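Welcome, and please take a moment to look over the model below.

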Amino acid sequence: KEIAAAKLNSEVSISEDARKMATASRDEARKLQSLPHSERKAILYAVADALEAQKDTLLKANAIDLENAEKDGTSTQLVSRLKLTDSKLATLSSGIRQIADQSDPLGVVKAKREVADGLTLSQITVPIGVLMIIFESRPDSMPQISALALASGNGLLLKGGKEAAHSNEAIHKVIGDAVEAGSGGKIKRDIIALVTSRGQVADMLKLDDVVDLVIP
């Protein structure tokens, strides 16, 4: 009975944590959506700058993942995808600045037609909401995905491959710090959540009222 109770409590805890993470991401995304394009742009620039400023920290964390991969006999191809370099980080920062410099993707009228006298139907771009994205052990994917989500006013729940655990944790912290600094504290780091367990993934897949789109 004690074992069963402990298991139940563990499952409840995972479920509660999953909902808290998803709900917090949604709440921050709604705040982000209300910001003008110039302020979302400033957040992206802060992320790009932080990746360069904190490159030593990121490469140190990545080195741990690479060492573990070598011990585990991970394939050369996977190790190549796993590895971060000065060049990769510089390219990521440049790419994020390019995203920031694009025109505002929100509120764009894609189509408009009059369906009746005095009644016009418009197709306008809006955020999706909260995205859950599961990606392989490529730590450079996280800044790219995060930048696109921030630019378009979406919240993120990210689950990366276990081989990149240390890299993902370090990148997530750097991006979170940059989001808060770049927004002047208007947007909390909770807008991008890092999912670390399969249990959380399973629970989040059930959160139809919070998570709007899942991309495996």
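A residue counts as exposed when its relative accessible area is over 50%, and as buried when that area is under 20%. With those cut-offs in hand, here is a short tour of this predicted model.

**Helix H3: length and end**
- Helix H3 takes in residues 55-71, and at 1.5 Å a residue its 17 residues should span 24 Å; the end C-alpha atoms are 24 Å apart, so the two agree.
- Just after H3 comes Gly73, with a positive phi of about 70 degrees.

- Leu58, Ala61, Asn62, Asp65, Leu66 and Ala69 are the buried residues of H3.
- They cover an arc of only 150 degrees around the axis, which means that they sit on the same side of H3.
- An α-helix has 3.6 residues a turn, so residues three or four places apart point the same way.
- Asp56, Lys60, Glu70 and Lys71 are exposed, on the other side of H3.
- The cover over the buried residues of H3 includes helix H2 (37-53), helix H4 (76-82), helix H5 (86-101) and helix H7 (165-182).

**An enclosed space**
- The model has 1 cavity of 30 Å³ or more, and the volume of the largest cavity is about 40 Å³.
- Its lining is made up of His172, Ile175, Gly176, Val179, Arg189, Ile191 and Ile192.
- H7 gives the largest share of the lining of the largest cavity, with 4 residues.
- Sorted by class, that lining has 4 nonpolar, 2 polar and 1 charged residues.

Note on methods
Residues numbered from 1 in each chain as written. Predicted model: local features only at pLDDT ≥ 70, side-chain atom pairs only at ≥ 80, totals over all residues. Heavy atoms only, no water. Helix = DSSP H or I, 4+ residues; strand = E, 2+ residues; numbered from the N terminus. Expected span 1.5 Å × (residues − 1). Buried < 20%, exposed > 50% of the residue type's maximum accessible area, 1.4 Å probe, protein only. Arc of directions from axis to C-beta. Contact = heavy atoms within 4.5 Å. 1 Å grid on protein atoms, 1.4 Å probe; cavity = no way out; pocket = protein on both sides within 12 Å on 5 of 7 lines; lining within 4 Å. Points joined across faces, edges and corners; volume = space filled by probe spheres on them. Nonpolar A, V, L, I, M, F, W, Y, C, P; charged D, E, K, R; others polar.
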